[in-house]
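Have the structure open while you read.

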Amino acid sequence: MTPIPLNDLGRRTSPFREQLAAASDAVVRSGYFVLGPAVANFEREFAGYCGVEHCIGVANGTDALEIALKSAGVSPGDRVALCANAAMYGTSAVIASGAIPCYVDIEPGRSTMDPAELERIASGPDSLRAVIVTHLYGQMADMDAVSACAARHGLSVIEDCAQAHGAIDQKGRRAGSIGDAAAFSFYPTKNLGAIGDAGAVVTRSERVANLARQYRQYGWAGKYDNRLPGGRNSRLDEIQASFLSIMLPSLDAWNQRRRHIAMRYSREILNSRIDIHPCEGSDYVAHLYVVRSRHRDALKAHLASHGIASDIHYPIPDHRQACHAGRFDDVILHVTDRDSETVLTLPCFPELTDDEVSHVIDACNLF
Ligand SMILES: *Cc1c(COP(=O)(O)O)cnc(C)c1O
């Protein structure tokens, strides 16, 4: 069998090649390249898809987080709660906005924020201004518990939906429609991906939306009229917006296929050395299928010997990154640390064939 990659964007885009070429040709001929009609059109479509009133296209997901934080009222020096298990995305945005990261541990076996830990930190001596809730791996966090805690302590809630496009919780709410603002990335490997960098802020609040529109373009209230400090240049271009509009109608079917593959893994991988997280609901869109094993490195090597790629999401928690130079040495996150030593991501993308999925399952069961 040919090697099984962790992702294959060639398979993703090949059915769209002609449509994408026609769309880019149309943009080139239009003479309108940045924040034009194709961006406005995608913003309308994606807001509708998420079930919110406003979508503001920006340059990437990290910018979306930063702009969402500022638009939801986070100022330099404010403390922002977030988890430490997602590759520095949230931390980068918090630091870029001049705020202070305040790390919260995750729920055992779930990888999303532990609401009890958030409550403990929010009740502490140093007050928080906001919380970033990441729907990691495509699994929605416990938004009811987080929102209740946020309401008790007056925190703004920013959802990081960069891995959870289209997820729906038990109450029928889409990821991104629950908090005060939400950030999406359309990096090519995401559940909805462009052919380059792209991102968006979505929100139900007109006030937050107006601020986000200003922050993404120098803080302009109108052309060349800078009222808002902290403005950025973070714009979405017409070609990426056109591509996203072409692919958005496929998102639900892709997510369904991802979930189908994840469910097969959960049911058919039967090995006492590999811990499986059951995943049945529509609040999981299988951006990444992550198993846990105390023999993680041996499992990774075993899969490689069967031609199967795997990866670790993520190996170094944010508070332990060298760039902080010891600033967070007193932070203790037991579950986050344990996860960083045991998690392993198996191939899970919509274009995987059933035979490839079976091959991954067989290799896991032989470990
Ligand atoms: C990818 C990702 C981001 C950042 O998106 P970029 O477009 O790469 O800046 C933020 N948060 C999470 C959870 C992500 O997976």
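How are helix 6 and helix 7 oriented to each other: roughly parallel or roughly antiparallel? They are roughly parallel, where that label covers angles under 35 degrees, with over 145 being roughly antiparallel, 65 to 115 roughly perpendicular and the rest oblique. Helix 6 (residues 115-122) and helix 7 (residues 143-153) pack at about 10 degrees, with axes 9 Å apart. Helices here are DSSP runs of H or I of at least four residues, strands are E runs of at least two, and both are numbered from the N terminus. The axes are lines fitted to C-alpha atoms, for helices over the stretch in contact, and angles run from 0 to 180 degrees between N-to-C directions.

A word on the source: this is a predicted model, local features need pLDDT of at least 70, side-chain atom pairs count only at pLDDT 80 or more, and totals for chains, interfaces and linings use all residues. Residues are numbered from 1 along each chain as its sequence is written, and side-chain values use heavy atoms, leaving out hydrogens and water.

**Two helices with a buried face**

Buried means under 20% relative accessible area, exposed over 50%, and partly exposed in between (1.4 Å probe, protein chains only). The arc is that of the directions from the helix axis to the C-beta atoms.

| Helix 5 (residues 89-96) | Gly-90, Thr-91, Ala-93 and Val-94 | 165 degrees |

In helix 5 the buried residues fall within their arc, so they line one face. The cover over them includes helix 4 (61-71) and strands 2 (79-82), 3 (100-103) and 4 (130-134). After helix 5 comes Gly-98, with a positive phi near 85 degrees.

**An arginine tucked into a loop**

Arg-216 sits in the loop between helix 8 (206-215) and strand 8 (220-222). At 8% relative accessibility, Arg-216 counts as buried. Its side chain makes a polar contact with the side chain of Glu-43 at 2.9 Å (N or O atoms within 3.5 Å; within protein, one able to donate a hydrogen and the other to accept it, and sequence-adjacent residues counting only if both atoms are side-chain atoms). A polar atom of the Arg-216 side chain also lies 2.8 Å from the backbone oxygen of Gly-57.

Terms used. Contact = heavy atoms within 4.5 Å.
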